[in-house]
Amino acid sequence: MTDEITGQPDAFSAADVQHMQRALQLAAHARDAENEVPVGAVLVQEGEIVGLGWNRNITLHDPTAHAEIMAMRAAGVKLANHRLSGATLYVTLEPCTMCAMAMIHARLGRVVYAASDPKTGAAGSVFNTLIDERHNHRIQVAGGLLAEESAGLLRDFFRARR
């Protein structure tokens, strides 16, 4: 069932929770192993994890190396396809517009995110990029899964840097 107003699922499945927990582990890895902003992403197609990613833009000196992009790149290589039709991306922070447009071009089916991004979020907080009717493809969006855990990682990371 989905909420008629928001179009979001009324409840998350056990698989959704499991995949988001894995994304949170990847976010912690970004923080601990690479001193990156703790964002992690897991891409699932037909029940199988096909791509993992975490923020690496500082490490790789690449402004496009966000967790979502890294997961989609890994999936593209694994599947030998630039289209990831129908896949679900789990990410610990609401995607930015760059990542949202890459998701549209990849033809993802669904994005599940944890914490909202009130400054640059493109899944409803600031922009509605993923569902904008002007695009030829729209993506189902569900937010708030394990949001407190993700927000805590981010808050603690930025407090430690000040």
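Student: Hi! Where does Val 91 sit?
Tutor: Val 91 belongs to strand β3, which covers residues 88-93. Keep in mind that this is a predicted model.

Student: Is Val 91 buried or exposed?
Tutor: Val 91 is buried, because its relative accessible area is 0%, and the cut-off for buried is under 20%.

Student: And how far is Val 91 from Thr 59?
Tutor: Their C-alpha atoms are separated by 19 Å, and the two residues are 32 apart along the chain.

Student: OK, switching to charges. How many salt bridges does the structure hold?
Tutor: There are six salt bridges. One of them joins Asp 16 to Arg 110, with the closest N and O atoms 3.0 Å apart.

Student: Does Asp 16 count as buried or exposed? And what about Arg 110, buried or exposed?
Tutor: Asp 16 counts as buried, at 5% relative accessibility. Arg 110 counts as buried too, at 14%.

Student: Nice. Which residue forms a salt bridge with Asp 32?
Tutor: That would be Arg 31, and the closest N and O atoms are 2.5 Å apart. Here Asp 32 is exposed, with a relative accessible area of 56%, while Arg 31 is partly exposed at 28%.

Student: Which side chain meets Lys 78?
Tutor: The side chain of Glu 48 does, in a salt bridge of 3.1 Å from N to O. This pair links distant parts of the chain, with Lys 78 in helix α2 (residues 67-79) and Glu 48 in strand β2, 30 residues apart. Glu 48 counts as partly exposed, at 42% relative accessibility.

Student: What's in the turn between β1 and β2?
Tutor: The two strands form a hairpin with two residues between them. Glu 46 is in the turn and has a positive phi of about 50°.

Student: Last topic: which residues form the positive surface patch?
Tutor: Lys 119, Arg 155, Arg 159 and Arg 162 form that patch. Lys 119 is in the loop between β4 (110-115) and β5 (140-143), and Lys 119 is exposed, with a relative accessible area of 73%.

Conventions
Residues are numbered from 1 along each chain as its sequence is written. This is a predicted model: local features need pLDDT of at least 70, side-chain atom pairs count only at pLDDT 80 or more; totals for chains, interfaces and linings use all residues. Side-chain values use heavy atoms; hydrogens and water are left out. Patches are made of residues with over 30% relative accessible area and no salt bridge: like charges are joined within 9 Å, nonpolar side chains (Val, Leu, Ile, Met, Phe, Trp, Tyr) within 5 Å. Accessible areas come from the Shrake-Rupley method with a 1.4 Å probe; for residues, only the protein chains shown count as cover. A salt bridge is a side-chain nitrogen of Lys or Arg within 4 Å of a carboxyl oxygen of Asp or Glu. Lys and Arg count as positive and Asp and Glu as negative; His and the chain ends are not counted. The place of a charge is taken as NZ of Lys, CZ of Arg, CG of Asp or CD of Glu. Helices (H or I, at least four residues) and strands (E, at least two) are DSSP runs, numbered from the N terminus. Buried means under 20% relative accessible area, exposed over 50%, partly exposed in between (1.4 Å probe, protein chains only). Two strands pair if DSSP finds at least two bridges between them.
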